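Student: Could you take me through this model feature by feature, giving the general idea before the particular case?

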Amino acid sequence: MLPIHRQSQHQMTTAHLAQTMTLLTLSLDELSENIEKELSSNPALEMEEERRCPICRRVMPEHGPCPVCSHPKDDTEQDLVVLLSPREDFYSYRESSEDTSADEPITPMTEDLPTYVLRQIASDIDPQDRKVAAYLLTHLDDDGFLTIPLMEIAMYFHIPLSRVAGVQKIIQHADPIGVGSITTKEALLVQLDILAETNTVPEFARQIVMDGMDCLSRHQYTELAHRLEIPSMKVREAAHFISENLNPYPGRTHWGDSRQPSSEVEGVYHHPDILVHYLNDQPGDALLVEVVLPVRGMLRVNALYRQAIQEAKAQTREDMRSDMERASLFVKCLQQRNHTMQRLMQRLGGLQRDFILRGEKFLKSVTRAQMARELGVHESTMSRAVAGKSVQLPNGRIIPLASFFDRSLNVRTVLKDIILQETRPLSDSDLVGILEKEGYPVARRTVAKYRAMEGILPAHLRQTTS
């Protein structure tokens with residue numbers, strides 16, 4: 001019987017993980033539909049109408065947040081409170097805030113990875129080669145790697161292999177850096193080349209990527225040092241740099257947009273999934289981050305249904321047990337989903353406080369992979385938590401949650417401001433110097449890429465009006 005029990009436990013664990021991942025991906029409206037569907041189809045699941053705090057489970061007042069959980073604590077992020085708030089609360093006492101954003105709807109970020117990359121490189125590629133770039137980009141896997149040999153592409157278009165390789169190189173230097181590579185090693189080498197333009201790269205980093213990835217992935221630093229005949233300390237220094245700065249799977253940085261696109265491509269954000277405002281609506285007070293829940297009450301397994309199983313006939317008892325297990329699993333998965341969102345916003349709210357309050361220029365660079373490591377979850381979990389979600393900022397503007405991970409947004413914002421204020425058309429080299437003085441060291445090609453992303457013409461085509 002023991003092996004059967006273990007198999008059943010494994011199946012439940014797998015089902016728990018799968019359903020949690022599904023719920024984590026859903027937006028507020030989609031989650032509401034999912035809960036309604038479960039309530040209508042499963043008699044073992046019920047809604048407790050009593051208004052309780054989703055965090056501490058205390059009975060709450062008729063309106064407003066939990067008086068206990070909404071009080072700032074010393075051990076949380078400075079001046080930051082993160083709550084789980086019922087949707088009805090959100091729209092009852094915050095209805096007026098909808099008016100502030102109604103005149104400026106923000107479209108969701110639904111751009112897939114190939115489109116995102118092609119938009120960056122379009123101005124750098126010969127018009128005759130754009131179809132080659134598009135073909136390359138449509139043959140990327142989820143990790144951002146090419147799934148087709150360059151020679152096959154050259155034969156398909158009847159062009160030299162060197163021409164295809166040239167297009168691939170331009171793609172590899174777009175964001176995310178290394179996308180369009182054939183192998184992990186190739187992607188890492190491209191990233192090292194780009195980093196070397198503006199940062200100090202450890203002297204043996206490139207050699208380790210070239211010849212020691214097998215040992216590096218297993219943390220066999222002593223063996224790697226012996227093989228490459230370099231000091232062990234240098235190996236550890238390079239390994240730390242590689243771990244902190246390189247991404248072996250470049251496409252994963254875009255998972256939040258490309259793998260889980262919004263179901264309404266042309267839609268706008270009317271009902272945000274997360275609300276950020278000041279506690280008691282007093283500027284200067286602690287920031288209150290509310291992760292909005294689609295239901296006002298608490299989901300639970302029906303106690304009477306549990307009791308009825310004991311009295312049921314044998315032929316119906318098994319079906320009733322199945323209903324109860326499904327209800328219990330759904331409640332646990334929903335709780336796990338909410339807990340993950342709460343932890344994510346606790347960390348993001350503290351890290352990106354200046355961005356929330358002061359705008360895009362103050363966005364700090366952070367990736368989904370880094371956030372996943374900090375929270376101790378898998379990268380795919382983090383990507384699902386970010387996908388399709390929106391955040392309403394204290395100024396009433398609604399933005400995609402993915403914006404918190406847009407590492408180029410702050411530089412692009414500063415770049416636009418510089419160009420708006422120019423008295424004469426500034427070249428990309430001029431812009432590089434100004435950005436560096438502003439604290440944004442970027443390469444000239446990066447400036448050209450960001451300029452293209454913002455739809456800004458080159459200097460010789462930008463003419464100031466007299």
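Predicted model: local features only at pLDDT ≥ 70, side-chain atom pairs only at ≥ 80, totals over all residues.

Student: Let us begin with a helix; which residues of α7 are buried?

Tutor: The general idea is that an α-helix has 3.6 residues a turn, so residues three or four places apart point the same way. In α7 the buried residues are Leu150, Ile153, Ala154 and Phe157, and because they cover an arc of only 100 degrees around the axis, they lie on the same side of α7. The face turned away from that buried side carries the exposed residues Met155 and Tyr156, while the elements covering the buried residues of α7 include α6 and α8.

Student: Which residues have the most contacts inside the largest nonpolar core?

Tutor: In soluble globular proteins, nonpolar side chains tend to be buried together. Here the largest nonpolar core has 38 residues, and those with the most contacts inside it are Val117, Leu136, Ile153, Ile171 and Leu435. At least two residues of this core come from each of α5 (113-121), α6 (130-137), α7 (150-157), α8 (161-172), α20, α21 (428-437) and α22. Taking Leu435 as an example, and setting aside residues up to four places away in sequence, one finds that Leu435 touches Val411, Val414, Leu415, Ile418, Tyr440, Val442 and Val447. A second, separate core has 35 residues, among them Tyr278, Leu287, Met382 and Phe404.

Student: How should I read the backbone, and what is the phi of His158?

Tutor: Most residues other than glycine have a negative phi, and most peptide bonds are trans. His158, although not a glycine, has a positive phi of about 55 degrees; His158 sits in the loop between α7 and α8 and is exposed, with a relative accessible area of 74%. Glu229 likewise has a positive phi of about 55 degrees without being a glycine, and this residue is found in the loop between α12 (221-228) and α13, where Glu229 counts as exposed because its relative accessibility is 72%. As for the peptide bonds, the one from Asp175 to Pro176 is cis, with omega near 0 degrees, and Pro176 belongs to the loop between α8 and α9.

Student: Turning to the largest pocket, which residues lie nearest its centre?

Tutor: A pocket can be read through its volume, its lining and the elements that supply that lining. The largest pocket holds about 1600 Å³ of space and is lined by 46 residues, of which Leu195, Glu244, Asn245, Leu246 and Arg407 lie nearest its centre. By class, the lining has 22 nonpolar, 17 polar and seven charged residues. The helices that each supply at least two lining residues include α9 (184-198), α13 (232-245) and α20 (409-420).

Student: Is Thr184 buried, partly exposed or exposed?

Tutor: Thr184, found in helix α9, counts as partly exposed because its relative accessibility is 22%, and, leaving aside neighbours within four places in sequence, Thr184 is in contact with Phe145, Pro248 and Tyr249. Leu334, found in helix α16 (residues 314-351), counts as buried at 10% relative accessibility. Apart from residues up to four places away in sequence, Leu334 touches Leu23, Leu31, Ile35 and Leu299, and the C-alpha atoms of Leu334 and Thr22 are 9.9 Å apart in space although these residues are 312 residues apart in sequence.

Terms used
Residues numbered from 1 in each chain as written. Heavy atoms only, no water. 1 Å grid on protein atoms, 1.4 Å probe; cavity = no way out; pocket = protein on both sides within 12 Å on 5 of 7 lines; lining within 4 Å. Points joined across faces, edges and corners; volume = space filled by probe spheres on them. Helix = DSSP H or I, 4+ residues; strand = E, 2+ residues; numbered from the N terminus. Nonpolar A, V, L, I, M, F, W, Y, C, P; charged D, E, K, R; others polar. Buried < 20%, exposed > 50% of the residue type's maximum accessible area, 1.4 Å probe, protein only. Contact = heavy atoms within 4.5 Å. Core = buried A, V, L, I, M, F, W, Y, C linked by side-chain atoms within 4.5 Å. Arc of directions from axis to C-beta.
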